[in-house]
Amino acid sequence: MEQTRLGATGLKVSRICLGMMSYGDPAAEAWYLDEERAEPIVRAAVDAGVTFFDTADMYSLGRTEEITGRLLSTLFAHREDYVLATKVYFPMGPGPNDGGLSRKHVLSAIDASLRRLGTDYVDLYQIHRWDHETPIEETMQALDEVVKAGKARYIGASSMYAWQFAKAQHCAPTRFVSMQNHYNLVYREEEREMIPLCLDQGVGVIPWSPLARGLLAGSRERGGGLRTVRAGSDSIAGDLYEDADFDVVDAVREVAAARGVPPARIALAWLLGRPGVTAPIIGATSERHVDDAVAAAELRLTEEETRRLEAPYRPHPVLGHT
(Lines give C-alpha, C1' and ligand atoms only; values in the text may rest on other atoms or scores of the structure.)
Protein backbone atom coordinates (compact mmCIF):
# COMPACT_ATOMS: atom_id res chain seq x y z
CA MET A 1 0.00 0.00 0.00
CA GLU A 2 1.10 3.54 -0.74
CA GLN A 3 2.63 5.43 2.18
CA THR A 4 2.21 9.18 2.39
CA ARG A 5 3.28 12.01 4.69
CA LEU A 6 0.91 13.10 7.42
CA GLY A 7 0.35 16.71 6.45
CA ALA A 8 3.60 18.66 6.34
CA THR A 9 5.40 16.33 8.77
CA GLY A 10 8.03 13.76 7.88
CA LEU A 11 5.86 10.98 9.37
CA LYS A 12 4.82 8.37 6.78
CA VAL A 13 1.46 6.61 7.15
CA SER A 14 -0.55 4.23 4.98
CA ARG A 15 -3.31 5.78 2.87
CA ILE A 16 -5.82 3.75 4.86
CA CYS A 17 -6.02 4.04 8.64
CA LEU A 18 -7.70 1.19 10.51
CA GLY A 19 -10.03 2.51 13.18
CA MET A 20 -10.07 0.18 16.18
CA MET A 21 -13.36 1.27 17.76
CA SER A 22 -15.14 -1.90 16.58
CA TYR A 23 -13.00 -4.07 18.85
CA GLY A 24 -14.00 -4.13 22.49
CA ASP A 25 -16.43 -5.67 24.94
CA PRO A 26 -19.42 -7.29 23.14
CA ALA A 27 -21.39 -7.00 26.37
CA ALA A 28 -21.26 -3.21 25.99
CA GLU A 29 -22.30 -3.05 22.31
CA ALA A 30 -23.65 -5.88 20.17
CA TRP A 31 -21.44 -4.85 17.22
CA TYR A 32 -18.16 -4.88 19.17
CA LEU A 33 -15.83 -7.75 18.30
CA ASP A 34 -13.73 -9.37 21.00
CA GLU A 35 -10.00 -9.83 20.56
CA GLU A 36 -10.24 -13.31 19.08
CA ARG A 37 -12.67 -12.17 16.36
CA ALA A 38 -10.75 -8.95 15.74
CA GLU A 39 -7.39 -10.64 15.20
CA PRO A 40 -7.92 -11.97 11.64
CA ILE A 41 -9.32 -8.62 10.51
CA VAL A 42 -6.40 -6.64 11.88
CA ARG A 43 -4.02 -9.24 10.48
CA ALA A 44 -5.60 -8.85 7.03
CA ALA A 45 -5.06 -5.09 7.24
CA VAL A 46 -1.43 -5.54 8.25
CA ASP A 47 -0.86 -8.07 5.46
CA ALA A 48 -2.32 -5.56 3.00
CA GLY A 49 0.16 -2.90 4.06
CA VAL A 50 -1.84 -0.87 6.57
CA THR A 51 0.55 0.72 9.08
CA PHE A 52 -1.70 3.40 10.61
CA PHE A 53 -4.06 2.56 13.50
CA ASP A 54 -6.39 4.86 15.42
CA THR A 55 -8.09 4.28 18.77
CA ALA A 56 -9.23 6.29 21.83
CA ASP A 57 -9.22 5.80 25.57
CA MET A 58 -13.02 5.96 25.78
CA TYR A 59 -13.68 3.17 23.26
CA SER A 60 -15.11 0.35 25.33
CA LEU A 61 -13.74 2.27 28.36
CA GLY A 62 -10.16 1.27 27.70
CA ARG A 63 -10.73 -2.28 26.47
CA THR A 64 -10.13 -1.23 22.86
CA GLU A 65 -6.71 0.19 23.71
CA GLU A 66 -5.80 -3.05 25.46
CA ILE A 67 -6.83 -5.12 22.43
CA THR A 68 -5.06 -2.73 20.07
CA GLY A 69 -1.81 -2.91 21.99
CA ARG A 70 -1.77 -6.69 22.21
CA LEU A 71 -2.66 -7.26 18.55
CA LEU A 72 -0.18 -4.79 17.12
CA SER A 73 2.65 -6.07 19.31
CA THR A 74 2.12 -9.57 17.91
CA LEU A 75 1.52 -8.59 14.27
CA PHE A 76 4.54 -6.30 13.90
CA ALA A 77 8.13 -7.26 14.62
CA HIS A 78 9.10 -3.78 15.81
CA ARG A 79 7.25 -0.88 17.42
CA GLU A 80 8.75 1.45 14.81
CA ASP A 81 6.98 -0.45 12.02
CA TYR A 82 3.52 1.04 12.68
CA VAL A 83 1.95 4.38 13.54
CA LEU A 84 -0.34 4.37 16.57
CA ALA A 85 -2.83 7.11 17.41
CA THR A 86 -5.14 7.49 20.39
CA LYS A 87 -7.37 10.23 21.78
CA VAL A 88 -8.32 11.96 25.04
CA TYR A 89 -11.34 13.96 26.24
CA PHE A 90 -14.40 11.85 27.01
CA PRO A 91 -15.00 10.74 30.64
CA MET A 92 -13.23 7.58 31.77
CA GLY A 93 -14.85 7.52 35.20
CA PRO A 94 -17.39 9.27 37.46
CA GLY A 95 -15.00 11.79 39.01
CA PRO A 96 -14.99 15.51 38.11
CA ASN A 97 -11.47 15.23 36.69
CA ASP A 98 -11.96 11.93 34.85
CA GLY A 99 -12.56 13.64 31.52
CA GLY A 100 -11.97 16.87 29.63
CA LEU A 101 -8.72 18.52 28.59
CA SER A 102 -7.38 19.97 31.83
CA ARG A 103 -3.67 19.59 32.49
CA LYS A 104 -4.54 17.16 35.30
CA HIS A 105 -6.58 14.88 33.07
CA VAL A 106 -4.38 15.05 29.98
CA LEU A 107 -1.24 14.07 31.90
CA SER A 108 -3.06 11.28 33.72
CA ALA A 109 -4.83 10.05 30.60
CA ILE A 110 -1.70 9.66 28.50
CA ASP A 111 -0.08 7.49 31.18
CA ALA A 112 -3.22 5.35 31.44
CA SER A 113 -3.41 4.97 27.65
CA LEU A 114 0.24 3.93 27.43
CA ARG A 115 -0.30 1.30 30.13
CA ARG A 116 -3.28 -0.14 28.29
CA LEU A 117 -1.54 -0.03 24.92
CA GLY A 118 1.61 -1.62 26.36
CA THR A 119 3.93 0.92 24.76
CA ASP A 120 6.24 3.73 25.83
CA TYR A 121 4.79 6.24 23.38
CA VAL A 122 2.06 6.90 20.85
CA ASP A 123 2.87 8.44 17.50
CA LEU A 124 -0.16 10.72 17.48
CA TYR A 125 -2.01 11.95 20.59
CA GLN A 126 -5.28 13.68 19.72
CA ILE A 127 -7.87 15.72 21.57
CA HIS A 128 -11.16 13.97 20.88
CA ARG A 129 -13.33 17.10 21.10
CA TRP A 130 -13.10 20.76 22.17
CA ASP A 131 -13.31 21.35 25.94
CA HIS A 132 -15.42 24.44 26.62
CA GLU A 133 -14.52 24.37 30.33
CA THR A 134 -10.72 24.43 30.02
CA PRO A 135 -8.70 27.31 28.54
CA ILE A 136 -7.14 26.08 25.33
CA GLU A 137 -3.80 27.54 26.47
CA GLU A 138 -3.81 25.08 29.39
CA THR A 139 -4.56 22.16 27.10
CA MET A 140 -1.86 23.07 24.59
CA GLN A 141 0.74 23.48 27.35
CA ALA A 142 -0.17 20.04 28.72
CA LEU A 143 0.10 18.46 25.26
CA ASP A 144 3.48 20.14 24.82
CA GLU A 145 4.62 18.47 28.05
CA VAL A 146 3.42 15.11 26.73
CA VAL A 147 5.54 15.52 23.61
CA LYS A 148 8.60 16.78 25.48
CA ALA A 149 8.35 13.82 27.85
CA GLY A 150 8.58 11.49 24.84
CA LYS A 151 5.13 10.04 25.42
CA ALA A 152 3.82 11.24 22.04
CA ARG A 153 5.67 12.05 18.83
CA TYR A 154 2.99 14.37 17.42
CA ILE A 155 -0.35 15.82 18.49
CA GLY A 156 -3.62 16.11 16.59
CA ALA A 157 -7.19 17.28 17.01
CA SER A 158 -10.65 16.05 16.12
CA SER A 159 -13.96 17.68 15.19
CA MET A 160 -14.28 21.37 16.06
CA TYR A 161 -14.93 24.70 14.38
CA ALA A 162 -12.19 26.16 12.20
CA TRP A 163 -11.90 29.23 14.46
CA GLN A 164 -11.26 26.95 17.45
CA PHE A 165 -8.58 25.05 15.58
CA ALA A 166 -6.92 28.29 14.49
CA LYS A 167 -6.99 29.61 18.08
CA ALA A 168 -5.38 26.42 19.37
CA GLN A 169 -2.64 26.57 16.75
CA HIS A 170 -1.96 30.23 17.50
CA CYS A 171 -1.22 29.63 21.20
CA ALA A 172 0.41 26.21 20.86
CA PRO A 173 4.03 25.57 21.92
CA THR A 174 3.67 22.32 19.93
CA ARG A 175 1.17 22.55 17.08
CA PHE A 176 -1.38 20.04 15.86
CA VAL A 177 -0.26 18.15 12.75
CA SER A 178 -3.59 16.48 11.94
CA MET A 179 -7.34 17.02 11.97
CA GLN A 180 -9.64 14.02 12.42
CA ASN A 181 -12.94 15.40 11.18
CA HIS A 182 -16.38 14.28 10.04
CA TYR A 183 -16.12 14.14 6.26
CA ASN A 184 -17.70 11.94 3.59
CA LEU A 185 -19.85 12.13 0.45
CA VAL A 186 -23.03 12.94 2.39
CA TYR A 187 -21.40 15.38 4.84
CA ARG A 188 -19.10 17.87 3.12
CA GLU A 189 -19.49 20.96 5.31
CA GLU A 190 -15.82 20.65 6.29
CA GLU A 191 -14.96 21.88 2.79
CA ARG A 192 -16.17 25.38 3.71
CA GLU A 193 -13.63 26.34 6.41
CA MET A 194 -11.75 23.49 8.07
CA ILE A 195 -10.19 21.79 5.06
CA PRO A 196 -9.01 25.05 3.42
CA LEU A 197 -7.41 25.94 6.77
CA CYS A 198 -5.69 22.55 6.94
CA LEU A 199 -4.45 22.87 3.36
CA ASP A 200 -3.05 26.33 4.06
CA GLN A 201 -1.31 25.23 7.27
CA GLY A 202 -0.03 21.85 6.10
CA VAL A 203 -2.26 19.87 8.47
CA GLY A 204 -3.12 16.30 7.50
CA VAL A 205 -6.82 15.39 7.26
CA ILE A 206 -7.80 11.92 8.54
CA PRO A 207 -11.61 11.78 8.27
CA TRP A 208 -13.76 9.72 10.60
CA SER A 209 -16.92 8.01 9.36
CA PRO A 210 -15.77 7.99 5.71
CA LEU A 211 -18.73 5.74 4.84
CA ALA A 212 -21.23 7.77 6.91
CA ARG A 213 -21.52 5.04 9.56
CA GLY A 214 -22.20 2.47 6.85
CA LEU A 215 -24.81 4.51 4.99
CA LEU A 216 -22.67 4.74 1.85
CA ALA A 217 -21.87 1.02 2.04
CA GLY A 218 -25.52 -0.06 2.12
CA SER A 219 -26.13 -0.67 5.84
CA ARG A 220 -29.29 1.45 5.75
CA GLU A 221 -32.17 1.89 3.35
CA ARG A 222 -34.39 4.84 2.54
CA GLY A 223 -37.29 4.95 4.98
CA GLY A 224 -35.38 3.53 7.93
CA GLY A 225 -34.51 -0.02 6.88
CA LEU A 226 -31.48 -1.42 8.74
CA ARG A 227 -29.30 -4.17 7.30
CA THR A 228 -26.51 -4.72 9.84
CA VAL A 229 -26.11 -5.24 13.60
CA ARG A 230 -24.21 -1.95 13.83
CA ALA A 231 -26.96 -0.04 12.03
CA GLY A 232 -29.57 -1.51 14.35
CA SER A 233 -27.81 -0.29 17.49
CA ASP A 234 -26.33 3.00 16.25
CA SER A 235 -28.42 5.84 17.67
CA ILE A 236 -25.92 8.50 16.54
CA ALA A 237 -26.43 7.85 12.83
CA GLY A 238 -30.04 9.00 13.09
CA ASP A 239 -28.82 12.38 14.33
CA LEU A 240 -26.26 12.78 11.56
CA TYR A 241 -28.01 11.61 8.41
CA GLU A 242 -31.50 11.81 6.90
CA ASP A 243 -33.56 10.38 4.05
CA ALA A 244 -32.48 13.15 1.65
CA ASP A 245 -28.93 11.78 1.88
CA PHE A 246 -30.05 8.66 0.04
CA ASP A 247 -29.94 10.66 -3.19
CA VAL A 248 -26.15 10.59 -2.77
CA VAL A 249 -26.27 6.91 -1.82
CA ASP A 250 -28.19 6.17 -5.02
CA ALA A 251 -25.51 7.95 -7.08
CA VAL A 252 -22.80 5.90 -5.36
CA ARG A 253 -24.68 2.69 -6.14
CA GLU A 254 -25.07 3.66 -9.80
CA VAL A 255 -21.38 4.43 -10.26
CA ALA A 256 -20.44 1.24 -8.38
CA ALA A 257 -22.75 -0.87 -10.53
CA ALA A 258 -21.24 0.56 -13.70
CA ARG A 259 -17.76 -0.26 -12.38
CA GLY A 260 -18.79 -3.67 -11.06
CA VAL A 261 -17.45 -2.94 -7.57
CA PRO A 262 -19.05 -2.55 -4.10
CA PRO A 263 -20.39 0.94 -3.25
CA ALA A 264 -17.96 1.26 -0.34
CA ARG A 265 -15.01 1.29 -2.75
CA ILE A 266 -16.50 4.16 -4.74
CA ALA A 267 -17.25 6.27 -1.65
CA LEU A 268 -13.77 5.72 -0.23
CA ALA A 269 -12.09 6.36 -3.58
CA TRP A 270 -13.87 9.72 -3.79
CA LEU A 271 -12.66 10.68 -0.31
CA LEU A 272 -9.09 9.53 -0.98
CA GLY A 273 -9.04 11.83 -3.99
CA ARG A 274 -10.08 14.95 -2.08
CA PRO A 275 -7.51 17.71 -1.47
CA GLY A 276 -5.74 17.44 1.87
CA VAL A 277 -7.01 13.96 2.79
CA THR A 278 -4.17 11.82 4.09
CA ALA A 279 -5.97 8.66 5.21
CA PRO A 280 -9.65 7.93 5.92
CA ILE A 281 -10.20 6.06 9.18
CA ILE A 282 -12.16 2.94 8.28
CA GLY A 283 -14.01 0.63 10.64
CA ALA A 284 -13.84 -3.06 9.73
CA THR A 285 -15.84 -5.91 11.23
CA SER A 286 -14.98 -8.34 8.45
CA GLU A 287 -12.03 -8.98 6.17
CA ARG A 288 -14.22 -7.88 3.26
CA HIS A 289 -14.28 -4.37 4.72
CA VAL A 290 -10.49 -4.35 4.67
CA ASP A 291 -10.44 -5.62 1.08
CA ASP A 292 -12.79 -2.83 -0.04
CA ALA A 293 -10.70 -0.14 1.66
CA VAL A 294 -7.44 -1.42 0.22
CA ALA A 295 -8.94 -1.66 -3.26
CA ALA A 296 -10.34 1.87 -2.97
CA ALA A 297 -6.83 3.22 -2.48
CA GLU A 298 -5.99 1.99 -5.98
CA LEU A 299 -9.23 3.12 -7.65
CA ARG A 300 -9.22 6.37 -9.64
CA LEU A 301 -12.55 8.00 -10.46
CA THR A 302 -13.13 9.86 -13.70
CA GLU A 303 -14.23 13.50 -13.71
CA GLU A 304 -17.67 12.43 -14.92
CA GLU A 305 -18.02 9.86 -12.11
CA THR A 306 -17.00 12.50 -9.57
CA ARG A 307 -19.60 14.94 -10.92
CA ARG A 308 -22.31 12.27 -10.67
CA LEU A 309 -21.35 11.49 -7.08
CA GLU A 310 -21.27 15.13 -5.97
CA ALA A 311 -24.34 16.44 -7.82
CA PRO A 312 -27.05 15.27 -5.33
CA TYR A 313 -25.35 16.79 -2.27
CA ARG A 314 -27.48 18.94 0.04
CA PRO A 315 -25.99 21.27 2.67
CA HIS A 316 -26.22 20.17 6.30
CA PRO A 317 -26.11 21.90 9.65
CA VAL A 318 -22.79 21.45 11.45
CA LEU A 319 -22.71 17.88 12.74
CA GLY A 320 -20.23 15.81 14.73
CA HIS A 321 -18.61 18.41 16.98
CA THR A 322 -20.14 17.09 20.22
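Q: What counts as a charge sitting over a ring?
A: NZ of Lys or CZ of Arg must be within 6 Å of the ring centre and within 35 degrees of the ring normal.

Q: Where does the charged end of Arg79 sit?
A: Over the ring of Tyr121, 4.2 Å from its centre. Arg188 lies over the face of Tyr313, at 5.3 Å from the ring centre.

Q: What kind of model is this?
A: A predicted one: local features need pLDDT of at least 70, side-chain atom pairs count only at pLDDT 80 or more, and totals for chains, interfaces and linings use all residues. Residues are numbered from 1 along each chain as its sequence is written, and side-chain values use heavy atoms, with hydrogens and water left out.

Q: Switching topic: how many salt bridges does the structure hold?
A: It holds 18. Each is a side-chain nitrogen of Lys or Arg within 4 Å of a carboxyl oxygen of Asp or Glu.

Q: How far apart are the closest N and O atoms of Arg192 and Glu189?
A: 2.5 Å, in a salt bridge.

Q: Is Glu189 buried or exposed?
A: Buried, with a relative accessible area of 10%. Arg192 is exposed, at 53%. Buried means under 20% relative accessible area, exposed over 50%, partly exposed in between (1.4 Å probe, protein chains only).

Q: And Asp111, what does that pair with?
A: Lys151, with the closest N and O atoms 2.7 Å apart. Asp111 is partly exposed at 27%, and Lys151 is partly exposed at 26%.
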